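Please open the model in your viewer and keep the selection panel at hand. The stops below say what to select next and what is found there.

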Amino acid sequence: MDAAGPAAPAASRAVVRRLTRRTRDAEPGGRLRTRNAERDARAHGMLLSMRHAYSVDTVRAAEAELMAGLPEGALMQRAAAGLAAAVAGLLPRVSGARIVLLVGSGDNGGDALYAGARLARRGAGVSAVLLDPDRAHRGGLAALRAAGGRVAEDPFGVLAVADVVLDGITGIGGHGGLRPDAVPLARAARGSGAMVVAVDLPSGVEADTGEVKGEAVRADATVTFGAYKPGLLVDPAHQHAGALRLVDIGLGSRLPSVPDLEALQHDDVARLLPVPAPESDKYRRGVVGVVAGSARYPGAAVLAVAGAVHGGAGAVRYVGPGADAVIARFPEALVHGWPPSRAGRVQAWVVGPGLGDAPGVAEVLESDVPVLVDADGLRSLDPDAVRARSAPTLLTPHAGEAAALLGVDRGQVEAARLGSVRSLATKYGATVLLKGSTTLVADADARRPVRVNPTGTSWLATAGSGDVLSGLAGSLLAAGLEPLDAGSVAAYLHGLAARLASLGAPVSAQDVAAAIPRAWRDTLTP
Ligand SMILES: NC(=O)C1=CN([C@@H]2O[C@H](COP(=O)(O)OP(=O)(O)OC[C@H]3O[C@@H](n4cnc5c(N)ncnc54)[C@H](O)[C@@H]3O)[C@@H](O)[C@H]2O)[C@@H](O)CC1
Ligand SMILES: Nc1ncnc2c1ncn2[C@@H]1O[C@H](COP(=O)(O)OP(=O)(O)O)[C@@H](O)[C@H]1O
Ligand SMILES: [K+]
């Protein structure tokens, strides 16, 4: 995903690149890190490990606890100081820069006003556009005026010539998309060529879910306070946030150890990858069985096996009508005649890619090993059959398949990805990996955080790449990873492989499979 957002003006993109470089450790949107950049990051002591996001209620509770021991307004000052420093870091010079604040009626507007005051003291020309002049944060407004900033009399005039617009309309207190009076201002900010920096969150997005229920600000960058909020990491809201920077306001120890959402990073994946021990043999490394392909879709068998042979299992068994094609491409695969139960012992099954109407799903579900169900295997999947299983199940639908399983429209799933993946996991008592622009993995145990994949790229929207993912995830299951880890590590490697293979150009599903070892190595490289 382009950290500058889909429609960022060219000038903004250059500035956002600067922010992105500076905030490599705090950017879940995740640009691909080159290996050199990785080394730089480590040399500078940046931790490349798990990134957490917390719900609004949790953030507010932690803030309240922290505030109780601090002088009034101290947290807002910390937030404003961090925000002003981030904005200053984006500008070639603060002095003389034209900065416009969009100020809503809550504390989010207060943050913008105090940050504006700090920037005005450094010589910037700062104008505040007050959405509700009677309810603008009083202290913030007084500070801005005292620092030489002013309230704009011609909002659209100042927006037209702004270098930076700070979006302080709503933060974690906002609900339901921008109100009508804020919409033209947000549009003017976007259209002005100025860099748009969202304060805490892009106004108009739902902090807890990533939904966008109406219009919302499109930012080039978001400076968020205390903790990431789930919406910053989940589409469609994620698309509105641009590059992310987290400002520490001291919440750390007040936040629970279990977040609502988490994103694996390089170090987490490196720890989870199954590396053969000295005494390993192919069976101990795990054997994955693949039931995929049909006369109509023979390629799906090849692609699922391609993912599986690169996924860490010691051997791949294939059962289905694509045996000749599989063997021609992967002589290392073990092919077996129907039915799957006669294929010999496996530690995990993958069933479904390109299977068409062929049988196999019910039989594989009866096995006592982990099963990944994808694509055609998901059609009419019976929740009771999945719930009755003695071993874990991992479902890997795209939005259309998830919609069919939930009995809703595809658009509803795409608009509410987090809620959808959680509902499916609950309905099936299974781990669910919802593919798409921000791939999510929800564990069967609803108390565990949902994982969001930070490596995805829209170049993966190519036929057959999902087959590769299912083979890869199945192989990791066979190698002994639990479903939440298998799904999220597979998504991470899959996205990274696509980026390494693509480097900005189209890739095929085969290219992605072939690049999995490079992604694996990249992850392990210290
Ligand atoms: N709670 C704290 O301790 C801290 C809060 N901080 C800031 O305070 C923010 C939360 O402040 P608030 O709780 O006052 O809430 P917000 O400022 O986020 O939003 C609430 C205000 O926006 C209006 N509003 C709600 N939905 C709207 C919509 N769709 N369109 C336009 N206006 C809408 C409401 O009428 C209300 O006045 C955080 O996001 C953060 O920026 C920071 O200063 C750090 C410390
Ligand atoms: N816009 C996108 N951004 C990032 N990843 C995407 C996007 N669209 C699809 N993908 C990824 O591409 C893969 C496509 O899988 P799937 O929909 O099953 O396709 P197929 O059935 O052709 O293999 C998934 O890993 C999915 O997450
Ligand atoms: K905001």
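**Around ligand 1**

Select ligand 1 in this predicted model, together with its shell, in which the residues divide by class into 11 nonpolar, 12 polar and five charged. That shell is made up of 28 residues, and if you label the closest of them you will find Gly106, Asp107, Asn108, Gly171 and Gly173. Now colour helix 3 (56-68), helix 4 (74-90) and helix 5 (107-121), each of which supplies at least two residues of the shell around ligand 1. Of the elements here, helix 5 provides the largest share of that shell, with four residues.

**Around ligand 2**

Next, move to ligand 2, which is surrounded by 18 residues, the closest being His398, Lys435, Leu460, Ala461 and Gly466. By class, the shell around ligand 2 has five nonpolar, 11 polar and two charged residues.

**Between the domains**

Finally, colour the protein by its domain assignment, with domain 1 at 10-263 and domain 2 at 267-521. The centres of the two domains, taken over C-alpha atoms, are separated by 37 Å. Where they meet, 21 residues of domain 1 are in contact with 17 residues of domain 2. On the side of domain 1 that touches domain 2, select helix 9 (230-233) and strand 9 (261-263), the elements that give two or more residues to it; the largest share, three residues, comes from strand 9. Coloured by class, that side of domain 1 has 12 nonpolar, five polar and four charged residues.

Conventions:
Residues numbered from 1 in each chain as written. Chains lettered and ligands numbered in written order. Predicted model: local features only at pLDDT ≥ 70, side-chain atom pairs only at ≥ 80, totals over all residues. Domains from an automatic or database assignment. Contact = placed C-beta atoms within 7 Å. Nonpolar A, V, L, I, M, F, W, Y, C, P; charged D, E, K, R; others polar. Near = placed C-beta within 6 Å.
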